[in-house]
Amino acid sequence: MHDWAEKLIAIQELDIRIAKISEQLSQIPVKQQEAESLYAQQNRDYEQSKLQLRELEVGYKNLENEIVSQKEKKRTFQSKTILIKNNDEYKAALLQIEMCDQVVHNLEDQQLELMFKIEEAQASVASQRQALEQAQKRTASVKEDLEVLRKTCEEQIALIKRKREAAAPDTDPELLKKYEHLRNSRNNNPSQPCVIPILDGVCSRCRIRMTPQTCQDVLKGKIVLCPSCSGMLYCE
Ligand SMILES: [Zn+2]
C-alpha cells in the first residue's frame with residue numbers, strides 16, 4: 001500500500017468513528033422524546049380514568065339528590081292527604097304517593113348499577129396510578145442512561161478529534177483537502193469509507209471493473225477516483 005493511502009485510511013478510520021458516534025449522539029434527543037411521550041401517554045390515561053370516576057360519582061350524587069327530592073315530594077303529598085275529605089281527591093293523592101315510591105325505586109336501582117361502575121372505575125384508577133408510577137421510574141432511568149451515553153459519546157468524539165488533529169499534519173494538505181471534499185459531498189455516507197481499495201481490478205465499493213490504464217495508475221500511486229462511485233482508489 002502506498003504511504004499516502006495508509007495515512008489517509010488512518011484518518012478515514014477516525015472520521016468514520018466520529019461519524020458513527022455522532023449518529024448515536026443525534027439519536028439521543030429522539031429517544032428522550034420517546035421516553036417522555038410514553039410517560040405523557042400514561043399520564044393522559046391516568047387523568048382520563050380519574051375523569052371517568054368523577055363523572056360517575058357526580059351521576060351518583062345527582063341520583064341521591066333526586067331521591068331526596070322525591071321523598072320530600074312524597075311527604076308533602078302525605079301531609080296534604082290528611083286534610084282531603086273528597087274520596088276521588090284522596091285516591092288521586094294516594095296514586096301520586098305511589099308514583100313517588102316507584103320513582104324512588106327506579107332511582108335506587110340506577111344508583112346500584114352506578115355503584116358497580118364506580119367500583120370498577122376506582123379499580124381502574126388504582127391500576128392506572130400504579131402504571132404511572134412505573135412509567136415515571138422507567139422514564140427517569142432511561143433518561144439517566146441516555147445522559148450517561150451522551151457524556152460518553154462526547155468524550156469519545158473529543159478524544160478521536162484530538163487523534164485526528166495529531167495525524168492530519170502527516171498527510172499531504174492537497175490530498176487531505178480532496179479527501180475531505182469527497183467525504184463532505186452530498187452522496188457520501190459519512191459512516192462509510194470513501195477511500196476505497198481496488199481488488200482484482202474491481203472497485204470494492206461499487207463493483208465496477210476498472211480499465212487496465214486506471215489499474216496501472218492506481219498501482220503507481222496516482223490519485224484516481226472511481227468513474228462510477230467517485231471513491232478515491234488505492235491498491236492494498
Ligand atoms: Zn466505485
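This is a predicted model: local features need pLDDT of at least 70, side-chain atom pairs count only at pLDDT 80 or more; totals for chains, interfaces and linings use all residues.

A: Two strands count as paired if DSSP finds at least two bridges between them. Helices (H or I, at least four residues) and strands (E, at least two) are themselves DSSP runs, numbered from the N terminus. With that in hand, here is the sheet: 4 strands form an open sheet in the order S2-S1-S4-S3, with mixed pairing. At its edges are strand S2 (202-203) and strand S3 (224-225), each of which pairs on one side only.

Residues are numbered from 1 along each chain as its sequence is written.

Now let's see where the sheet belongs in the chain. The secondary structure comes to 4 helices and 4 strands, and from the N terminus on the elements run α-α-α-β-β-α-β-β. The C-alpha atoms fill a box of roughly 130 × 35 × 25 Å along the principal axes. The radius of gyration, taken over C-alpha atoms, can be held against a globule rule of 2.2 Å times the number of residues to the power 0.38. A compact globule of 236 residues would come out near 18 Å, but this chain has 40 Å.

Let's walk through the pairings. Strand S1 (residues 195-199) and S2 run antiparallel and are joined by 2 bridges. Within this pair, Ile-198 has Cys-203 in S2 as its bridge partner. S1 also pairs with S4, this time in the parallel sense, over 4 bridges, and there Ile-196 stands opposite Leu-233. S3 and S4 pair in the antiparallel sense over 2 bridges. Leu-233 in S4 is also the bridge partner of Val-224.

The loops hold two residues worth a look. As a general point, most residues other than glycine have a negative phi. Asp-200, in the loop between S1 and S2, has a positive phi of about 50° although it is not a glycine. To say how covered a residue is, we count the other C-beta atoms (placed from the backbone) within 10 Å of its own: 20 or more means buried, 12 or fewer exposed, and in between partly exposed. The hairpin of S3 and S4 has 6 residues between the strands, and among them Ser-230 takes a positive phi near 65°. Ser-230 counts as partly exposed because it has 17 C-beta neighbours inside 10 Å.

The largest one here has 17 residues, and Val-195, Ile-196, Cys-203, Met-232 and Leu-233 touch the most other members. The elements giving two or more residues to this core are H1, S1 and strand S4 (232-235). H1 provides the largest share, 5 residues.

Two residues are in contact if their C-beta atoms, placed from the backbone, lie within 7 Å. Not counting residues up to four places away in sequence, Cys-203 touches several residues, including Ile-196, Ile-208, Met-210, Cys-226 and Leu-233.

Finally, let's follow H1 itself. Ile-16 lies in this helix, which covers residues 3-81. Leaving aside neighbours within four places in sequence, Ile-16 is in contact with Ser-191 and Pro-193. Ile-16 is partly exposed, because it has 18 other C-beta atoms within 10 Å. Among the buried residues of H1 are Ala-5, Leu-8, Ile-11 and Ile-18, and what covers the buried residues of H1 includes helix H2 (87-167), helix H3 (173-184), S1 and S4.

Note on methods
A nonpolar core is a set of buried Ala, Val, Leu, Ile, Met, Phe, Trp, Tyr and Cys residues joined through C-beta atoms within 7 Å.
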